[in-house]
Every structure is written in C-alpha cells, then in structure tokens.
Amino acid sequence: MLVGYFARAFPNWPLVALGLLPAILAAGLVFTPTLMPPLLVADGAIVLLATLDLFTLPRKKQLSVERQTLRTASLARPHPVTLTVTNHSRRRQQLAIRDGVPDRLEPTPDRFDVNLPARSRATVNYRLTSQRRGAYRLETTFVRVRSRWGLWRRQLEYAVPSVIHVYPDMQQVSQYAVLARTNRLSLLGVRRTRRIGQDNEFERLRDYTPDDNPRHIDWRSTARRRKLTVRDFQANQSQRVIFLLDCGRMMTNQAEGLSLLDHALNAMLMLGYVALNRGDSVGMIAFSDEIHTFVPPRGGRAQMNRLLHASFDRFPRLVESRYDKAFLYLAAQCRKRSLVILITNVIDEVNSNQIERYLGNLVGRHLPLGVLLRDHSVFSAVDVAGEPQGAELFRAGAAAELLLWRSQVLADLTGRGVLALDVFPEDLTAPLINRYLEIKARHLL
C-alpha cells in the first residue's frame, strides 16, 4: 500500500537544495574535524523533515477530473476542450495539469498551473488542433501535486476516456449556410451565375438584392410586406453528382499543411452540401489500387452524414491508382446520367492518358468533369524573380516543360468534350462550386 502511495513521487528542487548542505559540511571535515556533530544533526533534520513532508502528498482520491468536449471536430480547426478539477481535501493544492492527448493532436495551451482552494473546483479550457483526420481516444489526464512544504512532487493519472472524430473541414459548410441565407456567398468566392433560359418552377420569395432581375419582382408581395420582394425559381432537381476520389500516391503531396486528398475531401463535402440543398443526389467512389468506399447517390440531409462517415478515415496510400477499376465500378453501379467529378493529380504521361481515355469514354452517357490539382513546387520553379542562373535555370526549364505538357493534357480533355478544372488544392472549393452552378445554369446535365 505504501508502494502505491509513493508511486511517481520525486524530490522537488527545495529538497535538492537542502541535500547540498550536508555535502558542503562534509567537505569542511577535511580541515575542521569538529564539524562532525553539526553534520550528523543536519543530516538527521533533513531526513526527518523530508520524511514528514513526504506523507503530506495528496492522495489520488482527494482530487477528481472530468473532461467535456464534443465528439466531432474539423480538420485543422481549433476544437474546444474543458477540464474540471475538483479538490475534495481540506487543504489548498498547487496543481500542474496536462491532458494526455495523442501525438497528432496539438493542445493550446498544453499545461495549466492552478492554485485550488480546499473543497472547490476549477475549470480550464484549451483547444485541440489536428492536421490529420481520423478517430482519436483521449484516455488520461495528468495532475502533478506538491507536498505541504514543497519538498516533494507526485504525478497522478486520472482515467478520463473521450473519443474525438476529426472530420474534414465542416465549419466551411456552416459558414456557407449562413452566407447563403444572407446572399453573401461572394465572400467565399462563389459567383452569382446567370441562368440561361428560364426555370419555371417557383421555389420561394425573398428580399430583393441589387443583382436580381427586376422582372422577378413580385409586386403583390412587395406591397403586402412594404419591402421589395423577388421570386426565386429552382433549377432542375433530382440530378446526380458522383465523385471519384483518387486516394493513390499522387494525392500524398502537401499544400498548406494538408494532403491533396484532404483538400479534395473538403471541396467534395462542400459541393455535396450545395448539391443536396438543391435537391440533387450525391454519391462517392474512393479508390486507389482497389475500390475502398462506395456511397450510392442519394438525396436528403442524411446523405451528408453518409458521405462524412465514409470519408473521414480515408487516407492516401503509396500505391498506383487503378483508374480502370474505378471507371468499371462506376459503369456497373451508376447507369443513370450523372455529373462525374474525378479529383486527382497527374505528373506523368501514363496516368494522363488513362484519365483522358476513361473520362472521354463517359461523354454522352454522363457529364465528366476532370479536376487536376496543381503542384506548388512546379509552378514556383517557373515563377523566378529576375533571370535564373545555374541549377535554377535547369529547374525552371524542366518545370516549364511540365507545365506545357499539363496544358496539353487539359486541352486534350476539353477537345474530347470533358469539362476540366485546373486549380491549386487550397483554392479548389469555390471554383468547383462555381463550375457546378454553371453546369446547372446552362442545363448541361
């Protein structure tokens, strides 16, 4: 029982300083042998003091810890966590609190020093940030306590299990919803798209904005509300959007701290939310050298959760992507005409030929859209200030050749009737939504 009580107890710096006093006196014995009695008295006093203070270390049951946090977190976004520490003893406690979080989660701040009065509780808040999606378990909270005179410290561990699922960035979805309600989507880079032709199905009445067509003003409602009111007409609904997500080696590159696959997932979920809100069905096929996940296209708000749960623990793999398997699976599972969006990255001719061939074969039966993510290292090598010299010149020349080849790939795709989008990964979301809205406005699907 005593062993358990003294477990993880270690001397504090005042006890170390006291231990130096006998050492100094012992050195003086060489010159003054009469120092022996004071030395023995000092040794005994220090041992007695340290022993008495050791038994004042707080026991584990004199404190308790609770953790409150939400189960769902967004990638690279601060996630709030609250720790509540209760002091059940009759003595004030000096505590150092540190939550045991997995390595991939970064707490800010990572330590709290709390002076907790007797029979009271304290609440501390911090934020967790993760640069990787997935499920994480927080098992333990560490509390370091001090003895009454401060000669000893002891570390206590409290089992406080919590689970946090880090999903792709979902805060952008709520931000989009707020801006959509107030007609301020331009703040996210989403353009207002002019419809070609006319959608005749009435959707709702809303306040007039300067960009609205005056012919859509509902004068009767305007007179009743005493505020300019316009009619909204909804576009064709119940159409299908299917994402083909490349989880192969080319998606392992990083941009602004996230993998290309992370940026692709963020954009996919954002566009999925927009499409579901417009009454369309959304599905997903995640693949690398095999088919990992298939979410059949469906409508409704529940589909958003299906997409989220199917993709949050999907990571890029160091394998060659098998586009043939992905498109064969698509042909077998999705026969109705759909907008098929392939998000990938190409840097070699073999993969680009496959993408061009398989996307080109979809033209007519589906509406294919190829999204090619740019590589910052290639573009930055060309964008050199002044005249490049030496190795920089060769690097710029090689990068320029790659960019010319990439432009030819995009031109070939467009020539075969495939829609194409060429963007940097971190800028993908807004252009992808704009392209979807343009497709809907032009009735291409």
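Student: Why are H8 and H9 called roughly parallel to each other?

Tutor: The model is predicted, so local features need pLDDT of at least 70 and side-chain atom pairs count only at pLDDT 80 or more, while totals for chains, interfaces and linings use all residues. Residues are numbered from 1 along each chain as its sequence is written, and side-chain values use heavy atoms, with hydrogens and water left out. Helix H8 (residues 323–333) and helix H9 (residues 349–362) pack at about 15 degrees with their axes 10 Å apart, where the axes are lines fitted to C-alpha atoms, for helices over the stretch in contact, and angles run from 0 to 180 degrees between N-to-C directions. Angles under 35 degrees count as roughly parallel, over 145 as roughly antiparallel, 65 to 115 as roughly perpendicular and the rest as oblique, and H8 and H9 are therefore roughly parallel. The labels themselves come from DSSP runs numbered from the N terminus, with helices (H or I) of at least four residues and strands (E) of at least two.

Student: What makes H6 and H7 roughly antiparallel?

Tutor: The axes of H6 and helix H7 (residues 302–311) come within 10 Å and cross at roughly 170 degrees, and H6 and H7 are therefore classed as roughly antiparallel. Among the residues in contact are Leu 265, Met 268 and Tyr 273 of H6, together with Met 304 and Leu 307 of H7.

Student: Why is H6 described as largely enclosed by the rest of the structure?

Tutor: Buried means under 20% relative accessible area, exposed over 50% and partly exposed in between, with a 1.4 Å probe and protein chains only. By that test 17 of the 18 residues of H6 are buried, so H6 is largely enclosed.

Student: What makes a set of residues a nonpolar core, and how many residues has the largest one?

Tutor: A nonpolar core is a set of buried Ala, Val, Leu, Ile, Met, Phe, Trp, Tyr and Cys residues joined through side-chain atoms within 4.5 Å. The largest has 48 residues, and those with the most contacts inside it include Phe 243, Leu 339 and Val 371. H6 gives the most to this core, with 13 residues. A second, separate core of 28 residues includes Val 101, Leu 105, Tyr 136 and Val 166.

Student: How do you know that Thr 222 counts as buried, and what makes Glu 256 count as exposed?

Tutor: Thr 222, found in helix H5 (residues 219–225), has 11% relative accessibility and therefore counts as buried. Glu 256 lies in the loop between strand S14 (254–255) and strand S15 (258–259), and at 64% relative accessibility it counts as exposed. Glu 256 also has a positive phi of about 55 degrees although it is not a glycine.

Student: Why is Ala 76 called partly exposed?

Tutor: Ala 76, in the loop between strand S3 (72–74) and strand S4 (79–87), has a relative accessible area of 32%, so it is partly exposed. Its phi is near 60 degrees, a positive value in a residue other than glycine.

Student: Where is Ala 23, and why does it count as partly exposed?

Tutor: Ala 23 is in helix H2 (residues 13–28), and its relative accessibility of 45% places it in the partly exposed class.

Terms used:
Contact = heavy atoms within 4.5 Å.
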